Amino acid sequence: MLLIPCPFCGARSESEFIYGGPVRAARPDPNVVSDADWVDYLTVVPNPLGPVQEHWWHARGCGEWLTIWRDTRTHDIVEAPDEIE
Amino acid sequence: MRYDVTLQRCGLSAVFDLKGAADALRNWAGDMLPPLPDHPNTRTGGGGVELYHIGRKHWLARAPLAQEEVLEAQLKPDACPAEISIVRVSDTLSFFRITGPDASQVMAIACPLDLHETVFGADAVTYSELFGLKALVLRCEGGFECAVEQSFGDMVEDYLTLSCRQKPV
Amino acid sequence: MQKYSLFSLARNALSGHRNWPLAWRSPPLKDRYDVVVIGAGGHGLATAYYLAKEFGVINIAVLERGWLGGGNIARNTVTIRSNYMRDASIPFYVKSVAMYEGLTRELNFNMMHSKRTMVDVVQTWPKLRELRRRQLVMDIYGSTYEQITTAELRRRIPALTGGGPEARLPVICGMVHTDAGVNRHDAVAWGYARAADAMGVEIHQQTAVHSLLRGAQGAIEGVATSRGTVRANKVVVAVSGHTTTLTETAGLRLPLRTMNLTAFVSEPVQPLIDVIVNCPDSGFYFSQSDKGEMVIGGAPDMGQSFRRDIKQHVFEDTVSAMLSLFPRFKKLKLLRQWGGHLDIAHDASPIMDQTEVPGLFVTAGWWGGYKAIPAGGLTLAHLVAKGAPHPLMAAFTLDRFRHLDFVMEAGTTTAR
Amino acid sequence: MRLSSRLTTGGRINRDRPLRFRFNGKDYQGFDGDTLASALMANGVRVTARSFKYHRPRGIVGHGPEEPATLVQLEGEDAAGNCPATAVLLREGLSARSVNCWPSPGFDLGGVAQVLARFLPAGFYYKTFKWPGWHLFEPSIRKAAGLAPAPAQPPSSGHFEARRAHADVLIAGAGPAGLQAALEAGRAGKRVFLADEGSEAGGSLLNRTLSIGGRPALDWVANAVAELCGMENVTHLQNATVWAYREHNLLMVNERCPEQDSILERSWRVRAGEVVIATGASERAMVFGGNDRPGVMLAASVQAYVNRWGVAPGKRVALFTNNNSAYAVAADLAAAGLIVTAILDSRRHIPQAALDLVPDLPVHPATVAAGIFGHKRVRAVLAAPLSGDLAKWIRCDVLAHSGGWNPTVHLWSQSRSSLRYDEDLAAFLPDSAVQNCRAVGAAAGDLTLDRIVAGGADLPYAIEPLWRVDVPVQRGRAFLDIQNDVLVSDVHLALREGYANIEHVKRYTTGGMGVDQGKTGNINIIGTVAMQQGVPIEQIGTTTFRSPYTPVSFGAIAGLREGTVLLPYRHTPVTQWNVDNGAVMYEAGARWQRPGYFPKPGESLQEAVNRECRAVREAVGVYDGSPLGTFELKGRDVPRFLDFIYSNVMSSLKPGEGRYGLMLSDDGLILDDGVAFRLDDHRWLLSTSTGHADVVNQHMEKLLQTEFADWHAMITTVTSQWNNATICGPHARDVMQALGTDIDLSPQAFPFMSIRDGMVAGFPARVARVSFTGELSYEVNVAPRHLMALWNKVMEAGAPFAILPVGSESNHVLRVEKGFLSLGHEVDGTVDAYDLGMGWVMSKTKPDYLGKRAVMLRRAGGATRRELVGILPQDPNRQIPEGAPLTPAGCKEATEGLVTACVWSVVNQRWVGLALLENGHARQGETAHVRLQDEVIPVSITKPVFHDPDGTRLRS
């Protein structure tokens with residue numbers, strides 16, 4: 001169970017959060033992008049053996065959506081969001 | 001042997017959900033509310049009203065139920081400007097009090113938070129978990145106060161009862 | 001290949017077991033093969049075996065970075081079943097179950113296949129509706145699924161004493177899938193390895209593939225390994241969990257995410273449960289091994305991970321769910337737990353195809369691919385040898401993503 | 001033979017508190033402070049178990065959780081199986097029985113397996129029992145499986161508890177190193193959590209006779225414990241095993257017999273800033289012929305029984321070692337009055353310091369134990385000089401052996417920190433840490449007290465590894481794993497057959513896979529493999545150290561968390577009324593318990609549902625719609641936000657108006673259907689399906705916080721602030737009037753799909769004209785505190801119109817008659833709005849919204865679509881099971897659709913259904929075929945609406 005740094009609440013137990021998936025490329029303009037690129041955007045996500053940037057929702061906390069960089073090999077959080085003060 | 005605590009299921013409080021930029025809120029309701037807490041997950045109080053800073057640009061104003069109509073009249077949820085959101089949520093929260101020497105032991109069963117006084121001080125208030133449910137947790141005289149979504153009230157009562165081996169008073 | 005039998009066992013016993021031959025060789029690594037299979041797990045070994053047996057392709061190297069049979073096949077809960085929902089899936093799994101039942105004879109290696117049926121413990125009406133729906137579609141393909149009363153359910157699983165009328169989710173009824181079974185996962189890996197080796201397939205352990213090599217025209221040309229370059233015009237990637245790690249070295253993007261699935265076993269106890277128990281509404285399933293251990297699995301953790309980790313809260317949910325239906329297990333002890341990583345496709349259905357890189361084949365997205373090993377190996381071998389998809393796996397090709405025609409089986413039971 | 005082996009003095013037992021206990025049906029007596037093992041030994045019970053595969057007689061080997069041989073099952077109140085006798089604390093009335101032997105360990109019928117032993121080498125299962133089929137053999141083989149039976153029922157009294165703790169430092173182990181670390185951290189004011197698996201602190205010091213600063217080491221322990229006890233910031237637990245080390249310094253602790261007697265076991269989930277691993281070391285066995293015979297024991301354990309429990313495991317003890325630690329043991333035994341008949345040391349050169357400890361004892365350098373004489377107990381050991389000189393038998397009733405020491409690195413390894421092989425200690429040691437943890441004391445390789453505590457006096461440690469005895473004169477079987485009966489020859493066979501990796505060896509031979517997880521034996525298997533392959537041991541590596549360190553009961557892991565915490569339950573203010581009025585309640589999504597139907601006595605489900613449906617169609621009904629997800633949205637950008645998340649246009653709504661819409665995911669799947677109302681310029685109210693409320697909330701918050709952070713929209717969940725009673729049916733307006741309201745109810749002033757605030761029956765209310773039944777319908781929302789009162793008034797006001805409460809079953813029938821979709825039924829992840837005949841909901845004017853492009857792309861693919869149709873069984877009285885497949889001409893082949901719902905229509909007096917059917921829209925009027933297991937049912941294909949097709953009633 002991870003200890004996730006929430007910018008508002010500080011480090012909290014993973015059980016308070018809902019996983020929001022890896023951060024994807026910016027959403028292309030669906031009116032200009034090709035079919036292949038659109039499918040790629042919709043279905044392919046980064047799956048690195050190493051740090052991945054991902055969304056977490058502090059659903060049973062302050063409600064913040066935050067992103068962290070987490071190493072998929074060790075689960076170490078290698079980059080945390082800035083704290084709010 | 002059972003834990004040395006007193007468990008109470010509390011009645012309704014008047015609660016208003018406040019969202020928006022701090023100064024926008026001050027402009028609209030500043031004089032009717034205590035000063036906005038400036039640190040995350042802390043609270044201020046005054047005039048029977050408590051103000052909990054429980055999220056980014058997010059506060060809860062809480063007062064005895066008797067003050068609900070007065071607050072509603074003052075805060076005017078329907079009339080407030082587009083920049084801020086004020087919603088009456090008094091019925092949404094079901095409050096419990098766990099007090100007594102073993103209160104923190106019972107909380108350790110229910111909640112993952114580190115509630116040690118050096119970490120969770122007298123003015124601390126935050127959303128966390130109670131038996132896996134989203135819950136408001138704060139310190140009160142001699143123990144802790146918690147609130148869950150009203151519809152889960154009965155379940156949390158059952159589980160607090162189970163945890164401290166005694167019924168609420 | 002030395003024939004294993006009671007007689008060979010007795011004969012060897014008299015010579016102090018000093019004359020057993022190697023189960024497989026460790027030949028020198030050549031620099032070229034017709035086919036290179038990456039990954040000596042269930043799917044990799046089965047693919048190599050059927051390539052040799054069914055399609056006469058024997059110049060094959062199976063490259064394994066660790067020890068053969070050491071990946072997910074060493075970590076799974078050996079549940080073999082065919083109770084799926086879609087026309088695209090059911091016949092494939094029906095075939096796989098049938099192949100498993102004949103595997104001991106086919107490979108002359110005791111798989112200890114035990115066709116002991118799976119019993120679903122149903123606790124919600126929507127789940128019952130879904131399982132009934134499956135029952136009627138499965139019947140079309142000859143797979144069995146029958147509803148039984150709660151009384152019958154409790155008779156078949158006496159240890160199921162929870163879920164009474166007062167329970168949070170009272171048991172409604174059971175569904176019985178008589179085709180389901182379990183077997184010995186090590187035997188599957190070793191049996192395929194031994195049989196493939198006997199036909200000339202080379203298995204190279206401790207041989208890590210670092211990258212895929214493409215030629216000037218972009219077609220696959222071979223692989224770079226910890227023991228040097230190995231050339232082949234056909235390369236099969238069968239490395240559950242690490243699929244994208246490898247395919248990215250060829251500039252290929254696949255709709256796969258890698259995540260954790262954990263399992264655990266109890267202390268060995270005397271026989272108590274003789275079916276596979278699946279509790280989809282509570283979120284766990286288990287069976288009792290011949291050694292007496294309860295082999296228990298739950299839901300995966302959705303986060304991406306290569307850590308082979310155990311998520312304490314996910315684990316506790318599974319244990320709590322189990323105790324709510326099997327309270328007598330409170331004093332039963334956890335003996336061993338582990339995690340495995342597997343990859344899941346965007347629509348949670350498997351991917352078996354030749355990729356846009358000519359000559360590069362993948363078999364991936366098998367969360368719970370154990371039950372699919374024989375049919376997966378056979379149909380992939382067909383694709384590799386003939387260049388055209390086998391009808392049983394046509395729905396699992398990458399082509400479905402071109403128009404987002406997903407195969408939606410996700411979450412159809414807890415037992416994956 | 002029942003001679004007492006209790007020494008007259010000594011031991012940390014309370015001789016004034018005798019305890020009676022039963023073992024295998026015989027009564028014995030021990031003392032407070034005993035373990036079951038020490039008590040059995042004191043009573044002269046030597047054969048205490050039988051082995052798993054060969055059923056050989058076994059005795060007690062160790063003194064702690066590492067015990068490989070003697071497993072017992074506890075009977076009675078605290079029934080539990082497979083417990084090492086060495087870890088069971090003796091208490092009054094304890095009743096235990098050895099596992100895996102019948103009728104008794106002394107006379108075990110299973111023993112015949114020994115005769116067959118040569119036919120049962122490693123892996124023999126794989127080679128045989130194949131013909132005619134495994135199923136013929138499995139039952140009998142399963143009978144032999146397992147050890148103890150599973151506990152027959154949960155503990156009848158007492159309960160388990162699981163709680164959290166937070167600490168600056170967690171220290172695993174309260175031996176000298178752990179106590180030392182706890183004192184330092186405690187004095188520095190840190191929050192310390194100290195957990196030790198033993199019944200008292202002190203670790204190995206409890207078993208030995210060492211001194212610190214010239215005074216008994218146990219005085220130092222007592223002082224340390226007392227000082228820690230005085231520190232507010234220190235939590236010190238005994239009988240508490242740290243069994244798992246997870247990511248981010250989360251550790252699991254299992255506390256047995258905590259202070260409250262009502263608590264059976266307690267687990268702690270401890271989040272620690274730093275972890276100190278002070279778990280000590282465990283002694284490993286020597287591998288030689290007959291090393292499993294009762295009386296062959298670990299040297300340090302013999303020492304422990306003498307010093308800690310005042311028990312003499314035997315009268316005449318021979319020792320066999322490859323390291324110094326056994327010399328301190330010999331000295332202690334001699335001092336306690338036992339006869340030490342020989343010390344066999346495989347080393348040629350023995351350090352003088354060791355010899356000085358035992359000036360008068362017969363030491364045999366360069367000599368190994370090569371066999372044991374005696375079946376159910378040791379009578380002599382065969383001492384074989386490595387020189388090849390004549391081996392000779394030496395009398396003894398106990399052989400105490402020490403193969404050296406393994407630092408207990410389980411937790412270290414579980415933390416994913418690395419190990420290295422240390423040549424000098426011939427053991428794997430902690431190397432580099434990957435989490436914030438450190439190992440201290442014996443766990444870190446500091447095996448002697450002087451290196452741990454200042455002033456500690458101890459014999460320097462030195463070892464020359466001997467992985468197995470390999471001399472020609474050796475006789476008897478040499479065991480590597482005495483719990484799973486794994487022999488050296490088994491490992492050789494595995495290697496011979498190519499199972500060369502240590503993991504293969506483990507799996508092929510089952511070595512180290514027993515309840516003890518190979519704590520004493522694994523290293524010897526690794527050493528044996530290394531010897532056989534002629535490679536250095538570090539190249540072989542270890543097998544994975546998995547949690548738990550020792551077995552933990554599932555009850556303790558779950559604590560209170562049974563079904564209900566996993567599956568919370570939610571109530572509305574009307575829930576109890578429903579129950580009191582005979583409703584059949586069940587799960588209705590999002591954890592809500594809702595009434596299914598309200599049967600009268602003797603009434604069937606169908607009869608009750610028909611009655612409720614008729615009420616709604618012909619008069620009036622009411623249901624509790626409170627669980628619907630409700631959200632208030634506020635802000636300037638709400639309109640464009642709603643236009644983006646709904647497939648149709650919401651921004652054009654005027655205050656007071658509402659609109660039904662679909663939410664799609666960006667890959668074109670239907671996420672939810674619901675209604676959006678505009679309250680005023682900047683305030684909106686969203687109503688979602690019950691089951692998807694949380695998902696929709698997450699979806700909206702994610703978009704607003706991650707994609708459109710600059711858009712100004714704020715969401716407040718008001719599901720439990722506005723509960724409702726939904727009044728539906730031709731007489732709904734009459735009931736509203738009777739309730740009394742200041743809202744103008746005329747269709748002109750308050751039309752379908754609009755919302756009004758006002759007073760209803762004296763309560764502040766928010767009334768919405770939505771309809772899930774197809775009838776005139778008012779959703780009266782009030783604060784939950786008022787709902788019950790409102791409900792009673794509704795029943796009152798409705799009485800003249802014969803109002804009935806209606807449950808989910810009737811709602812289902814009513815919506816099917818109208819062809820309204822249900823996410824669980826018609827929407828199963830494959831259909832889109834066009835398939836459902838709702839193309840109108842897919843805006844043509846909006847350039848972009850979630851799911852638009854995906855749906856276009858998917859349809860452009862040209863794959864055959866399954867489209868929503870109505871079906872009428874050609875036999876009107878024929879019900880069709882929901883989910884039944886439709887196949888071409890009803891043949892047993894690939895399906896072309898399925899029946900999503902089939903209900904008895906009270907308005908049509910026949911069964912009607914909805915179905916998804918390939919190209920269904922174009923097949924109106926045709927016949928389709930439902931394929932059941934042994935039946936084909938023809939159905940006519942119709943439009944998916946069976947009541948009030950143009951919606952005049954719901955608009956009325």
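Trainee: Which residue just after α4(D) takes a positive phi?

Mentor: G189(D) does, at about 85°. This is a predicted model, where local features need pLDDT of at least 70, side-chain atom pairs count only at pLDDT 80 or more, and totals for chains, interfaces and linings use all residues. Residues are numbered from 1 along each chain as its sequence is written, and chains are lettered from A and ligands numbered from 1 in the order in which they are written.

Trainee: Why does the span of helix α4 of chain D agree with what it should be?

Mentor: Helices are DSSP runs of H or I with at least four residues, and strands are runs of E with at least two, numbered from the N terminus. The expected span is 1.5 Å times one less than the number of residues. Because α4 (residues 176-187) has twelve residues, it should span 16 Å, and its end C-alpha atoms are 16 Å apart.

Trainee: What makes α4(D) mostly covered?

Mentor: A residue is buried if 20 or more other C-beta atoms, placed from the backbone, lie within 10 Å of its own, exposed if 12 or fewer, and partly exposed in between. Nine of the twelve residues of α4(D) are buried, among them P176(D), L179(D) and G186(D).

Trainee: What makes β5 and β6 of chain A a pair?

Mentor: Two strands pair if DSSP finds at least two bridges between them. Strand β5 (residues 65-71) and β6(A) have two bridges, so they pair, in the antiparallel sense. As for one bridge, the partner of R70(A) in β6(A) is I77(A).
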